[in-house]
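Subject: Structure handover and what turned up in it

Hi,

Here is the structure I promised to pass on. Could you open it alongside this email and keep it in view while you read?

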Amino acid sequence: MRMEGSLLRESGERPLPEEMRSRAPRSRGRPRLEYRPRVRSADDVLTLRRHHVPAVLITPDWVSRHGYPVEFRPWLAVPAQLSGKFSSDFRILPVKDADALRDPGIAEMVTLLLRFDPLAARLVAVRNRHQLDPNELYRRVRNEGVEAPATRVRLQEFAPAIPKVGSPLSRSELRWVEKNNPPVAEAA
Amino acid sequence: MIDPEVQAADTILRREGIRYVVVGGQAIAQRAATTTRDVDVMVATSDYGATVARLKAEPGLAFDWDDGKLCRFRFLALGGVPLDVINSTVFSGNRTGKEFFDFLASEGSQSVDGILYATPTLVWYTRLLTKRWRAYAEKIVTNVIDGVPVHQLDGVEEVAHRFGTDNDIGPRVAYVREELRRPEVAALLRPP
């Protein structure tokens, strides 16, 4: 059994543009016509957000601008209970803490990065430490259940309350990773 | 399209007649995301000393340091991006550095635009044999999430068996497999 959610249009709210709606296969006995948002571009994600759907496109540019130059195929982060409701060429990153997608800042970015690249999460935290709210980081890490990767890259240095789960990488290894991945300005 | 840093390395190494294989992040970049700009090239043990000596005379490179296993140069025209020359003996286990290099060049690499790049299997093998293997294990997990087939890990164990490094590699590959089994990672590896 799994839980699923639905995207429902509020009364008075305009529907998503036609080109973003794809009809979902209709199961037997299911009366309503269901549409799945089709997300093909960053603009589509913005349209979703304008319709109050908490979706975030995690792009290499976004991460690079925060001090970690990296290339990867973008991830479409969406609430876990809605992750099966999207049709997209982007890779889907199901996120437990849907609230983290409302207005993501550094703490949210670090937490999302922990899901697929903990070393990147560490470097973004290091290079944006003055904007990183320890309470917010603690809350996001706990909500998302990523204490283990957070511990491996020692995010307790930024939010000491994060419970330690598993063993961390050595400080020398982390220093070496930081040295080998200079921030954008130095790398350019 | 060849990365400009790799192109710069190839131009110099080719001019000097040095046989090499691109390893490290630039090799992984053929298959998956990477942060790397620096270029790691492996040369046969027998060529290592001569390679270092010739590259020291290259006007486009600045010599940084050499410990006999790895020698670092920097590309002057590319803002000091490192060029690391790696001695194949470091990874050859109970066989010779030449044997490891020959295996890398003939079976553990593929040619792209005339340049030999190590396969992910060989990059992962070399990374897991270093003292910073745990940090590299994180990168391997990220590589797999990014689409490098996980079966390349089987190849790592086969290479280790061939060169007698099973005792080091075995537990490290097991660690990576354990990481890949974590629910939050496994969820990202399932096809949509």
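Below are the findings, with the cut-offs given where each term comes up.

Please note that this is a predicted model, so to speak of conventions: local features need pLDDT of at least 70, side-chain atom pairs count only at pLDDT 80 or more, and totals for chains, interfaces and linings use all residues. Residues are numbered from 1 along each chain as its sequence is written, while chains are lettered from A and ligands numbered from 1 in the order in which they are written.

**Chain A overall**

Chain A has eight helices and six strands; helices (H or I, at least four residues) and strands (E, at least two) are DSSP runs, numbered from the N terminus. Read from the N terminus, the order is β-β-α-β-α-β-β-β-α-α-α-α-α-α. Chain A has 188 residues, and 39% of them count as buried. A residue is buried if 20 or more other C-beta atoms lie within 10 Å of its own, exposed if 12 or fewer, and partly exposed in between, with C-beta atoms placed from the backbone. Taking the contacts in chain A between residues at least 6 apart in sequence, 50% join residues at least 24 apart. Contact here means that the two C-beta atoms, placed from the backbone, lie within 7 Å.

**Where chain A meets chain B**

On the chain A side, 21 residues are in contact with 17 residues of chain B. At least two residues each come from β6 (91-95), α3 (106-116), α4 (118-127), α6 (147-152) and α7 (171-180) of chain A. The largest share, three residues, is supplied by α7(A). By class, this side of chain A has 14 nonpolar, one polar and six charged residues. For that count, Ala, Val, Leu, Ile, Met, Phe, Trp, Tyr, Cys and Pro are nonpolar, Asp, Glu, Lys and Arg are charged, and the others, Gly among them, are polar.

**A sheet and a loop in chain A**

Three strands of chain A form an open sheet in the order β3-β4-β6, with mixed pairing. Two strands pair if DSSP finds at least two bridges between them. β3 (56-58) and β6 of chain A stand at the edges with a single partner strand each, so one side of each has no neighbour in the sheet. β3(A) runs antiparallel to β4 (residues 75-79) of chain A, and three bridges join them; A:Leu57 has A:Leu76 in β4(A) as its bridge partner.

The loop between α1 (42-50) and β3 of chain A holds A:His52. Its phi is near 65°, a positive value in a residue other than glycine. Most residues other than glycine have a negative phi. A:His52 counts as exposed because it has 10 C-beta neighbours inside 10 Å.

**Hairpins in chain B**

Strand β3 (residues 61-66) of chain B is joined to β4(B) by five bridges, and the two run antiparallel. B:Ala62 has B:Arg74 in β4(B) as its bridge partner. This hairpin has three residues between the strands, and B:Gly68 takes a positive phi near 90°.

β4(B) also pairs in the antiparallel sense with strand β5 (residues 81-87) of chain B, over six bridges. Here B:Arg74 stands opposite B:Pro82 in β5(B). Five residues lie between β4(B) and β5(B) in their hairpin, and B:Gly79 in the turn has a positive phi of about 70°.

Which residues of β4 (residues 70-75) of chain B make up the covered face, and which the uncovered one? B:Cys71, B:Phe73 and B:Phe75 are on the covered face, whereas B:Leu70, B:Arg72 and B:Arg74 are on the uncovered one. In a regular strand the side chains alternate between the two faces of the sheet.

**Helix α7 of chain B**

Helix α7 (residues 152-163) of chain B has 12 residues. B:Leu153, B:Val156, B:Val159 and B:Ala160 are buried in α7(B). They cover an arc of only 105° around the axis, which puts them on the same side of α7(B); the arc is that of the directions from the helix axis to the C-beta atoms. Turned away from that buried side is a face with the exposed residues B:Asp154 and B:Glu158. The cover over the buried residues includes α5 (120-128) and α8 (166-181) of chain B. Just after α7(B), B:Gly164 takes a positive phi of about 70°.

Terms used. Expected span 1.5 Å × (residues − 1).
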